[in-house]
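Here are a few exercises to work through with the model open beside you. Try each task before you read its solution.

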Amino acid sequence: MSTVKILSHDQLLAERARLRAADRKIVFTNGVFDILHVGHVRYLEQARTLGDELAIAINSDRSVRELKGAGRPLMNQNERAEILAALRAVSYVTIFDQGSPRSLIAELLPDVLVKGGDYALDEIHGREEVEAAGGRVISLPFIAGVSTSVIIERMKRAGQ
């Protein structure tokens, strides 16, 4: 069952220690993942190829409202976590409540920190901490025209 992939911060940190001892590389990314779409799937599959395990931290419902406004998220944090955990490429999912995942990244210190190409390397939260620990930070290519915002706008137009 995919829900066993959903971990608390402490569980994720313990799993990170176990992976490090086993010389397994962990890739980390974060985001809202409100409406899962092909851009997300391609991005996560590509991220997984950069290491042995892929961990995703999703924004809590409260932090999504802060970032995106009152109408978001469209799906609650538990639903978003469960959907992501069901993907073959995803090893672990955790939920964070801060506006930035920087403190979680600094604790986890993944081998590879990944974000989509809509982020420049100097805009990626946690970059300094990961690089200082010897990890890599990668911005994967952005798939143009595919985003949750674009899908929401398309749905609004279709409903008129």
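**Exercise 1.** Find out whether Phe33 is buried or exposed, then look at its phi.

*Solution.* Start with accessibility: Phe33 has a relative accessible area of 7%, so it is buried (under 20%, with exposed being over 50% and partly exposed in between; 1.4 Å probe, protein chains only). Next, place Phe33 in the fold: it sits in the loop between β1 (26-31) and α2. Helices here are DSSP runs of H or I with at least four residues, strands are runs of E with at least two, and both are numbered from the N terminus. Finally, check the backbone: phi of Phe33 is positive, about 55°, although the residue is not a glycine. For background, most residues other than glycine have a negative phi.

Before going on, a word on the ground rules: this is a predicted model, where local features need pLDDT of at least 70 and side-chain atom pairs count only at pLDDT 80 or more, while totals for chains, interfaces and linings use all residues. Residues are numbered from 1 along each chain as its sequence is written, and side-chain values use heavy atoms, leaving out hydrogens and water.

**Exercise 2.** Track down the cis peptide bond: which residues does it join?

*Solution.* Look for omega of about 0°, and you land on the bond between Arg72 and Pro73. Then place Pro73: it lies in the loop between α3 (61-68) and α4.

**Exercise 3.** Which residues touch the most other members of the largest nonpolar core?

*Solution.* The largest one has 17 residues, and Leu44 and Ile56 touch the most other members. Two or more residues each come from α2 (38-48), β2 (53-59), α4 (77-85), β4 (112-116) and β5 (136-140). Now follow Ile56: leaving aside neighbours within four places in sequence, its contacts (heavy atoms within 4.5 Å) include Phe33, Leu44, Leu84 and Val93.

Methods: A nonpolar core is a set of buried Ala, Val, Leu, Ile, Met, Phe, Trp, Tyr and Cys residues joined through side-chain atoms within 4.5 Å.
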